[in-house]
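Subject: Structure handover

Hello,

I am passing on the structure we spoke about. Please look through it first; my notes on what was found follow below.

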Amino acid sequence: MSKATLTIDLQAIANNWRALDRRTKAETGAVVKADSYGLGAGRVANALAQAGARQFFVALAEEGAALRQALGDGPVINVFFGHMAGDAEAIRDAALTPMINSTEQLLRQLETLPGHPFGIQLDSGMNRLGMEPAEWAALSGIAQSQPLTLIMSHLACSDAPDHEMNAVQLRSFSDMTQGINVPRSLSATGGILLGSDYHFDVTRPGIGLYGGRPFDDAQPVVTLDVPIIQTRTVTPGETVGYGNSWTADTMVTLATVAAGYADGLKRAMGNAVGEACFQHEGKTLPIVGRVSMDLITVDISTLSDVPQTLQLIGPGQGVDDLADWAGTIGYEILTSLGARYDRHYIA
């Protein structure tokens, strides 16, 4: 088989949800936007629903409509982008709950879908999405007279527990929602880990469900096994890959494996970083030369036999290790994993 195999452990995702749920007294939702961070929203959301999740969060209405088909009636599906022009039919037909971000969106919601539930997103200091404090003060009375289901905001620096912005946003969100009898939500994974002051009524874990930082206690979710296409012996002084970027100092055995940056494996993981590696049976196997579009070369000199596959993501090294090697974050690694992988699910 020439395809790499991406294995997704649904039970581990469910266990991570349960572990985060136990950390709060709030209702625990689940963020499944971007196709559950690239892992398959339908399969993942159903596993989470079986674990007990009843509120799901997506980015846009089209994601919500597809998720409704996968989940069926019952669970709440909240849409972070709110009510964009042209969304009314999807919001109505799929029973979605838009998180209204502006005066314009609120007017659109009330004009096109009177009586349909919605939430409000407030800007507590991130300056990305949501109503500003003055805007919310002017509209809160109108919003509260409608079927308002949730008021939320988003933390900018929750992955840095000591960052002063966390307390600033907590105060801002608390001030804007004081005395309002509507469920509130401020925390994604990082906010959950900041403690009970940040939990409010509903939490929205995302990356922690999928095995990524900052939830260090998360169970591993993803493994990636990549087939070896060819092996060769390289002698001292020979170079490998584009740009002759790696030169052999000794005689080495190289394996060329069937994945590259077209599959979401970042080009920056090439030998310039000096740490990126595959693994096999506990042995670390360095990447040498540049990561190509479809191919990566790996030093397998320490192996006595040539296996069929090498593992890039697994118990020994996770998505955050790849992210460190590539100078990015685990979110980007997960959401970049390509469509060419043969995806297997462990229920």
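Arginine 340 and aspartate 294 form a salt bridge through their side chains, at 2.8 Å from N to O. The two residues belong to distant parts of the chain, 46 residues apart: arginine 340 is in the loop between α11 and β19, and aspartate 294 is in the loop between β16 (283-288) and β17 (296-299). Salt bridges with shared partners bring Asp263, Asp294 and Arg340 together in one network. Arginine 340 is partly exposed, with a relative accessible area of 40%, and aspartate 294 is also partly exposed, at 34%. Please keep in mind that this is a predicted model.

The count of salt bridges is seven. Another one of them joins aspartate 324 to arginine 213, with the closest N and O atoms 2.8 Å apart. Aspartate 324 lies in helix α10 (residues 319-326) and arginine 213 in the loop between β10 (202-203) and β11, so this pair ties together parts that are 111 residues apart in sequence. Aspartate 324 is partly exposed at 43% relative accessible area, and arginine 213 is partly exposed at 38%.

A further salt bridge is formed by the side chains of glutamate 332 and lysine 266 (3.2 Å, N to O). Here the partners are 66 residues apart, with glutamate 332 in helix α11 (residues 330-336) and lysine 266 in the loop between β14 (252-257) and β15 (277-280). Glutamate 332 is partly exposed, with 33% relative accessibility. Lysine 266 has 18% relative accessibility, and it counts as buried because the cut-off is under 20%.

Now the strands. Strand β1 (residues 5-9) has four of its five residues buried. It pairs with strand β19 (residues 342-346) in the parallel sense, over five bridges, and with strand β11 (residues 222-234) in the antiparallel sense, over four bridges. Threonine 7 stands opposite histidine 344 in β19 and opposite threonine 223 in β11.

There is also an open sheet of seven strands, paired in parallel, in the order β3-β4-β5-β6-β7-β8-β9. β3 (30-31) and β9 (184-185) are at its edges with a single partner strand each, so one side of each has no neighbour in the sheet. Within this sheet, strand β6 (residues 97-100) and strand β7 (residues 118-121) run parallel and are joined by two bridges. Methionine 99 has glycine 119 in β7 as its bridge partner.

Regards

Notes:
Residues numbered from 1 in each chain as written. Predicted model: local features only at pLDDT ≥ 70, side-chain atom pairs only at ≥ 80, totals over all residues. Heavy atoms only, no water. Buried < 20%, exposed > 50% of the residue type's maximum accessible area, 1.4 Å probe, protein only. Pairing = 2+ DSSP bridges. Salt bridge = Lys/Arg side-chain N within 4 Å of Asp/Glu carboxyl O.
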